[in-house]
Amino acid sequence: MNTKILSTTEYDIALAGEILRSGGLVAFPTETVYGLGANALDEDAVRRIYVAKGRPSDNPLIVHIARKEDIVPLVTEVTPMAKALMDAFFPAPLTIILPKSDAVSDVVSGGLNTVAVRMPGNEIARRVIRAAGVPIAAPSANTSGLPSPTKAEYVIDDMMGRIDAVIDGGDCQYGVESTVLTLATDTPTILRPGAITKEMLEQVIGAVNVAPAVLEGMAENETAASPGMKYKHYSPNAKVMVVKGDSRQYRDFVNTKKDAYALCFEEDDVAIPHIVYGKQDDDLAQAKNLFDALRRLDKMGARRVYAHIPHIDGVGMAVYNRLIRAAAFCVIDLTKPFAIGLTGQTGAGKGYVAERLQARGFNIIDCDSVVRDIYDTDADLVQSLAAAFGTDVVDNGRVNRSRLAQIVFEDREKLATLNAMVHPAVMNACRKMARFPCVLDAPQLFEADAQQDCYIVVSVLADENTRLQRIIDRDGIDEASARRRMSSQYSRQYFLEHSDYVIYNDGGDIERQIDDILAEIW
């Protein structure tokens, strides 16, 4: 296809309108990002959008209008709340979702019974819609999954030869897509944050919720009710990881990285190759620059990018929402004392994995060693254990660990009592010992609720027979005793469901599994 590059003259705008009216595809600027438009009332034209972008057809599109009254044929009712929002904001970077009329096909709505409508604030966009004489369905004008284009050059990079025309209208004002607010729920709910913030909306219509998927990702089997809700989106070719921490923590972390790039704030003293996307407290600048910065990182040849996390209020919520999707929700939380919480089934070989992590530069805190030290030195705890489990669990002022183990592994209630007494002291000691980058090697990580202090959890698992023999050999106990110890832990399924990563230590390549995990999160 021969893609025309058009200007904003009356002639070119009229030509764009004719192309759209005839079923063609035209990319045009809005105040948010460039949109890829088609006649919203022409199903075949709308299908061509999905083909040009390589976009899944279950991802709904936004219908753009030039006048407020143009929404009437598209919805079953313009509710009082919708009217209040339109009067307060339109034209603006705000999309509202209402039950759709029969005029809107399932191709546009992604099979939903609602339609998303907005009136763009960009005058060029409204001129194009008026010239077309029809409502325009338009997602961002990029290859699906890549950062949305804020300049015509990025549209040309992605869409040349795939669409009929591109209107070069300069840089976009805001740089992130519109706020999407559904009015099809009991309480209005933000499905995608943007430049119109929760606080601004609440001044007009009262309470507004934020969908959990905005900050946490979509639940399994959840249907996308708005564009941009899918798990990974807005992503450059580089592997992006979001880093949470203050300027010093971020600097100290990224400056140790080789063959990596930083996406950072002006205040960050970064020594590796980097791109600044605004000041730390300027969320409007961050929004305007984010997608451009991600595109530039690709052009620089970046393969790994460590992005400094923005704050998560105001327009910063929109920046955070786009950034964590670009990173497929990989967040390195430097504010937590432990980089990795290492746990697993008894007898699975967790200690060996800890040794291999130590060889890769991690500082290992062995909770078993901390427990032994506390049992030997904490006189108040020793006295409390004697009172709870009998004086024969203490020898010469120290805990007899094997006697205590015999008692608690045969009685789940007593094991729970022991954990409640010991875990707080152990975790306090471990936090004091933490030195970045730190691994908390904790057999009872979940029982102590210590996963809250770790930004990822890795569990080591092995098959039952392998574990059984290892425990018998390691502890010098019989099979019945070994099985009691195994049964005192959470199930294999529990570890699978509550861990970020799993290492299988039953004959597989441990080194490769560790390296694969670190490549993802480190």
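Student: Which strands does helix α20 lie across, and at what angle does helix α20 run to β23?

Tutor: Happy to start there, keeping in mind that this is a predicted model. Helix α20, residues 510-521, lies across β17, β22 and β23, and its direction makes about 170° with that of β23.

Student: What makes β18 and β23 edge strands of their sheet?

Tutor: The sheet is open, with five strands in the order β18-β21-β17-β22-β23 and parallel pairing. β18 (363-366) and β23 (501-504) each have a single partner strand, so one side of each has no neighbour in the sheet. On average, neighbouring strands here are turned by 25° against each other, direction ignored.

Student: How do you know that β18 and β21 count as paired?

Tutor: Pairing takes at least two bridges, and four join β18 to β21 (residues 438-441).

Student: Why is Ala 327 called buried?

Tutor: Its relative accessible area is 1%, and buried means under 20%, so Ala 327 qualifies. Ala 327 sits in the loop between α11 (316-326) and β16 (331-333), where it touches Lys 239, Val 240, Met 241 and Val 242, leaving out residues up to four places away in sequence. Ala 327 and Met 241 are 86 residues apart in sequence, yet 5.2 Å apart in space, C-alpha to C-alpha.

Student: And why does Thr 114 count as buried?

Tutor: Thr 114 has 13% relative accessibility; that is under the 20% cut-off, so Thr 114 is buried. Thr 114 lies in strand β6 (residues 114-118), and its contacts beyond four places in sequence include Ile 97, Pro 99 and Ala 184.

Methods. Residues are numbered from 1 along each chain as its sequence is written. This is a predicted model: local features need pLDDT of at least 70, side-chain atom pairs count only at pLDDT 80 or more; totals for chains, interfaces and linings use all residues. Side-chain values use heavy atoms; hydrogens and water are left out. Helices (H or I, at least four residues) and strands (E, at least two) are DSSP runs, numbered from the N terminus. Buried means under 20% relative accessible area, exposed over 50%, partly exposed in between (1.4 Å probe, protein chains only). Contact means heavy atoms within 4.5 Å. Axes are lines fitted to C-alpha atoms, for helices over the stretch in contact, and angles run from 0 to 180 degrees between N-to-C directions.
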